[in-house]
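Subject: Structure handover

Dear colleague,

I am passing on the structure below, and my notes on it follow. Please read them with the model open beside you.

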Amino acid sequence: MCCSELGIGIDKESAARYRACEDEDLRTIFDRYLVELPNRDGGNTLWINSDESDSCPLLDERKLCRLQKRYGEPGLSLTCSVYPRYASMVDDVVEYSATTSCPEVVRVALLPEAPMSFTNSHEDAGRRRAVMHLVRTGEASFPALRRFPVIRDHCIRLLQDRRFQLWERLILLGFFIKRFQDEVDAERGDSVAGIIDNSCRQPDDPRLHGYLAAISVHADIQLALLREVTAFRGSMGAINPRLDDCINEFVIGLNLGDTVLDAEAVSRFSMAHDRWFVPFMKEKGHILENYLVNIVFREIFPFSKGRDLFAAYIELALYYALIKMLLVGMAAYRGGIDEGAVVKLIQSFSKGIEHCPLFKKRILEILENNRFNTLGYMSILVKN
């Protein structure tokens, strides 16, 4: 279930209705699990905690929502009524996407081979929605944000340029974001067209191919990062069972112990990578491409972290690298990769890591502490 193994944020209006609920069984649940938690803004966030089985306490024995059964869709909180839809407001346009923590979204949005595209349509003005990002380009706090739509469109074009392998596209995106970060740091925003033009011409530069070919493949560095991630998974309540299954397959498939990473594990990783991951990417690489494009569109990339554009890029590249490494280990365990394994991994990864700020913070701290938060290291991390 998408709504299991996670606490659920509740809007104030819904919380007031829940606290006044006349259904005795539901009131018992709300009295126990509806809480107020302090947030980083100094206020409180209303939250329904998971129960003792790490599921939403409103789920019945068949994993159906008791609240929806009793009151229908209008009885749901804003979070539950819109999930897995995801809304952002860019000027006067509402942008809808969907989170890949829902397995059906993974299947419908990521498995098709055609590049992900976006359409315009009219919507009911009274439709319920929770806006996650608000961008007012005319009131932007720094010049570059005024060109947000153009910049994001170019990021998507780079990721969908299938003349290159996906890891190469991520490096090209890194070049663009790094150049653009310099622009932001210098408080400039009038050179966007020139930076995009240079980025468009870069694939035709013969020096690029030499640079990409010269990047070393370091399976040992890639594995060392993922071992650090798995080392603290036991203390993180956000690691859901499906993601834990994927990590266990990775560990068993590569025969990783608790000791220092050995040469045999690196060799097994390289074998599984070449035997199963590379052929999979040649045939089904569009799945991970669509995954990255969905994040770029959904998270108003590269401005999801304000002025720190390169931090947003690091996070995106890191998601790809971690999913790639886990898939390689799972392939070693299963003797191959199929769409079912990819759906399970992406859904559980999105739910357990993308939706867990504490986990993301810890992973990014690992990179920063080891001084790995650079374009050079990201190039090593994503290269097949």
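I begin with W47, which counts as partly exposed because its relative accessibility is 28% (buried means under 20% relative accessible area, exposed over 50%, and partly exposed in between, with a 1.4 Å probe and protein chains only). W47 is found in strand β3, residues 44-48 (helices, H or I of at least four residues, and strands, E of at least two, are DSSP runs numbered from the N terminus). Between W47 and E36 there are 11 residues in sequence and 6.1 Å in space, C-alpha to C-alpha.

Before going further, please note that this is a predicted model, in which local features need pLDDT of at least 70 and side-chain atom pairs count only at pLDDT 80 or more, while totals for chains, interfaces and linings use all residues. Residues are numbered from 1 along each chain as its sequence is written, and side-chain values use heavy atoms, with hydrogens and water left out.

The mean pLDDT of the protein chain (the predictor's confidence in each residue, from 0 to 100) is 86, and 91% of the residues score at least 70.

Helix α11 (residues 241-253) has 13 residues and should span 18 Å at 1.5 Å a residue, which agrees with the 18 Å between its end C-alpha atoms (the expected span is 1.5 Å times one less than the number of residues). Buried residues in α11 are L243, C246, I247, E249, F250, V251 and G253, and α11 is followed by N255, whose phi is positive, near 55 degrees.

Y211 is partly exposed, its relative accessible area being 34%. Elsewhere, ring pairs link F142, F148 and F303 into a cluster.

Best regards

Methods:
Rings of Phe, Tyr and Trp (its six-membered ring) pair if their centres lie within 6.5 Å; planes under 30 degrees apart count as stacked, over 60 as edge-to-face and the rest as tilted.
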